Amino acid sequence: MNNYSEVIIIGAGAAGLFCASQAAKLGKQVTLFDNGKKVGRKILMSGGGFCNFTNLDVTPQHYLSQNPHFVKSALARYTQWDFIAMVAEYGIAYHEKELGQLFTDEGAEKIVEMLLSECEKYGVNIQLRQQISGVRKQENDHKRRFSLIANGQIWYCQSLVIATGGLSMPGLGASPFGYQIAEHFGIQVLAPRASLVPFTWREIDKFYTALSGIALPIVATAQNGKAFANNMLFTHRGISGPAILQISNYWQPNESIEIDLLPSENIVDFLQQLRATSPKLLLKNALAKVLPKKLVELWIVQQLVQDMPIAQLSKPIFQQLDQLIHHWQFLPNGTEGYRTAEVTMGGIDTSAVSSKTMEAYSVQGLYFIGEVLDVTGWLGGYNFQWAWSSAYVCAQALLLK
């Protein structure tokens, strides 16, 4: 049995769902395929189940790509305010958590329900539990430009949109399918790696596992000078938390991260002031006023800090404390990998794709949107906004086909 759809979109995540609804709204016949049992799986678990769907402050500077200019056109043509207006139109309650991050009040399923409602309203044909194979370009047939096999059935389409995401969270159906399609058509894929991801301990630092569950505000700085101020969380496997996930975008293997564990105070000034008023106070108790008590106790057990009355602190000890607290050189063993990574860095080379339409320059009718491209946003709703923006400009381009 042969099947035809003007547009076939592979991947029913954020970008795929939104592109499908937008293209169908413009009058295109759209079929949306996904390998899972339900749509929007990554949306549903994002933001702790409340979906950080965009950010109040979105600029091209919030994205990493080999071509930093690539995101500009799409972000300008479909902004965070456009998506916020759609959320408001559906009566979805939301709040700002911090740093412009917008979350739903009642759960991520509200966003999925909104996207599904839009798809249903405009007649998108959603096909789930579909294994796609054998994507081919049909020569000299404008209408049936591509053929593909889905669960053994041949489908044809005029335009093929790849919205399969990256490799992060394989438990939610992530696969290299999008990269394989690109390579099949001779389009370069930049080496993918896990990002927005926790770091793991080296053997030498594993004593810190005793602090699992403790969080504190820090500033993390990568070797290229990029810095983020936010919370850090000690875990059994390493360190996590917003500041660490952010800096992982800028980290390279075998590089150390400098961590300021007390950005709100200068430890030397603090101790010298305290020494004037409480000279007999033990260093352990002084440090516990501004740092987690368990951390201070662990340093003493590990002989990184020697407990003594603060009146006895010498200049070398002050320097040692300044280095330990404000300039901790943390060398990760690595990252936790795709299992816990929020996004995949790298992907389809943006130099092969039009920034205005998301169409591959070398293959007419083939489009790539969302995370499958070499575009990685910061933590905080930026990757969802890229999904919405890239999907929107792709849908507009499909209208002209």
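**Walking through the model**

A: In the protein, residues 24 or more positions apart account for 72% of the contacts with a separation of 6 or more, where contact means heavy atoms within 4.5 Å. Keep in mind that this is a predicted model: local features need pLDDT of at least 70, side-chain atom pairs count only at pLDDT 80 or more, and totals for chains, interfaces and linings use all residues. Residues are numbered from 1 along each chain as its sequence is written, and side-chain values use heavy atoms, with hydrogens and water left out.

Q: How many helices and strands are there in the protein?

A: There are 12 helices and 21 strands. These are DSSP runs numbered from the N terminus (helices are H or I with at least four residues, strands are E with at least two).

Q: And what does the C-alpha trace span?

A: About 85 × 40 × 35 Å along its principal axes. Of the 401 residues, 55% are buried. Buried means under 20% relative accessible area, exposed means over 50%, and partly exposed is in between (1.4 Å probe, protein chains only).

Q: Switching topic: how many salt bridges does the count come to?

A: The count comes to 9 salt bridges. The rule is a side-chain nitrogen of Lys or Arg within 4 Å of a carboxyl oxygen of Asp or Glu. Side chains of opposite charge can pair when their charged atoms come close.

Q: Which residue does lysine 28 meet in a salt bridge?

A: Glutamate 6, at 3.5 Å from N to O. The pair links distant parts of the chain, 22 residues apart: lysine 28 is in the loop between helix H1 (14-25) and strand E2 (30-33), while glutamate 6 is in strand E1 (residues 2-10).

Q: Is lysine 28 buried or exposed?

A: Lysine 28 is buried, at a relative accessible area of 10%. Lysine 110 is partly exposed at 29% relative accessibility, and it forms a salt bridge with glutamate 106, where the closest N and O atoms are 3.7 Å apart.

Q: Which residues are linked in a network of salt bridges?

A: Arg237, Glu336 and Arg339 are. Within that group, the side chains of arginine 339 and glutamate 336 meet at 3.5 Å, N to O. Arginine 339 is exposed, with a relative accessible area of 52%, whereas glutamate 336 is buried at 13%.

Q: Now the strands. Why is E9 largely enclosed by the rest of the structure?

A: Because 4 of the 5 residues of strand E9 (residues 146-150) are buried.

Q: How many bridges join E8 to E9?

A: There are 4 bridges between strand E8 (residues 132-137) and E9, which run antiparallel. Strands count as paired if DSSP finds at least two bridges between them. Lysine 137 stands opposite phenylalanine 146 in E9.

Q: What about E9 and E10?

A: E9 and strand E10 (residues 153-162) also run antiparallel, joined by 5 bridges. Alanine 150 stands opposite glutamine 153 in E10. The hairpin of E9 and E10 has 2 residues between the strands, and asparagine 151 there takes a positive phi near 50°.

Q: Where does isoleucine 257 lie?

A: Isoleucine 257 is in strand E16 (residues 257-260), and it is buried, at 1% relative accessibility. Leaving aside neighbours within four places in sequence, its contacts include Phe199, Ile247, Trp251 and Trp328. Isoleucine 257 and tryptophan 328 are 71 residues apart in sequence and 8.0 Å apart in space, C-alpha to C-alpha.

Q: And where is glutamine 246 found?

A: Glutamine 246 is in helix H7 (residues 242-248). Glutamine 246 is buried too, at 10% relative accessibility. With neighbours within four places in sequence left out, it is in contact with Leu196, Phe228, Trp378 and Leu379.
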